[in-house]
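Visitor: Please show me the structure, and then let us discuss it in questions and answers.

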Amino acid sequence: MNDYLATFHTHLSAMLSAQALTEAGAETRMGPVPRQLSSSCGTCVRYRAARDLRERLDTECEALYREAGGTYQEVFRNE
């Protein structure tokens, strides 16, 4: 299992993504975006899953990171 963190442009997008990830079987929780990362809305979704499940993220997703040991590796950015 891997830990992921997704940032969003809107709170609604974060909520919709958390719901979709939970329905896909991922352990999810919403929270504030860590200081070293930026986000338009300040809300992120952290989740644990075997793969990144980016297809379950809302279209307003800003970026997706893999989290390990307090560091974040960007795996996807919605340009």
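Guide: A definition comes first: patches are made of residues with over 30% relative accessible area and no salt bridge, like charges being joined within 9 Å and nonpolar side chains (Val, Leu, Ile, Met, Phe, Trp, Tyr) within 5 Å. This is a predicted model, in which local features need pLDDT of at least 70 and side-chain atom pairs count only at pLDDT 80 or more, while totals for chains, interfaces and linings use all residues. Residues are numbered from 1 along each chain as its sequence is written, and side-chain values use heavy atoms, with hydrogens and water left out.

Visitor: Which helix gives the largest share of the nonpolar patch?

Guide: The patch on the surface is formed by Leu12, Met15, Leu16 and Met30, with about 370 Å² of accessible area together; such areas come from the Shrake-Rupley method with a 1.4 Å probe, and for residues only the protein chains shown count as cover. Helices (H or I, at least four residues) and strands (E, at least two) are DSSP runs, numbered from the N terminus. The largest share, 3 residues, comes from helix α1 (residues 11–23).

Visitor: Is Met15 buried or exposed, or does it fall in between?

Guide: Buried means under 20% relative accessible area and exposed over 50%, with partly exposed in between (1.4 Å probe, protein chains only). Met15 lies in helix α1. Its relative accessible area is 45%, so Met15 is partly exposed.

Visitor: In what order do the strands of the open sheet run?

Guide: Two strands pair if DSSP finds at least two bridges between them. β2 and β3, for instance, pair in the antiparallel sense over 6 bridges, and Thr43 in β3 is the bridge partner of Pro32. The 5 strands form an open sheet with antiparallel pairing, in the order β2-β3-β1-β4-β5.

Visitor: Which strands stand at the edges of the sheet?

Guide: An edge strand here has a single partner strand, so one side of it is left without a neighbour in the sheet. The strands in this position are β2 (27–32) and β5 (71–77).

Visitor: How many residues apart are Glu23 and Arg56, the pair that links distant parts of the chain?

Guide: Their side chains meet in a salt bridge (4.0 Å, N to O), defined as a side-chain nitrogen of Lys or Arg within 4 Å of a carboxyl oxygen of Asp or Glu. Glu23 is in helix α1 and Arg56 in the loop between β3 (43–49) and β4 (61–68), so by residue number the two are 33 residues apart.

Visitor: Is Asp52, which meets Arg54 in a salt bridge, buried or exposed?

Guide: The side chains of Asp52 and Arg54 meet at 2.8 Å, N to O. Arg54 counts as partly exposed at 35% relative accessibility. Asp52 has a relative accessible area of 16%, and is therefore buried.

Visitor: How many aromatic pairs does a search of the whole structure find?

Guide: Rings of Phe, Tyr and Trp (its six-membered ring) pair if their centres lie within 6.5 Å; planes under 30 degrees apart count as stacked, over 60 as edge-to-face and the rest as tilted. A search of the whole structure with this rule gives 2 aromatic pairs.

Visitor: What is the angle between the planes of Tyr4 and Tyr47?

Guide: The pair links distant parts of the chain, with Tyr4 in strand β1 (residues 2–8) and Tyr47 in strand β3, 43 residues apart. Tyr4 counts as buried at 2% relative accessibility, and Tyr47 counts as buried at 2%. The pair is stacked, with 5.3 Å centre to centre and an angle between the planes of 25°.
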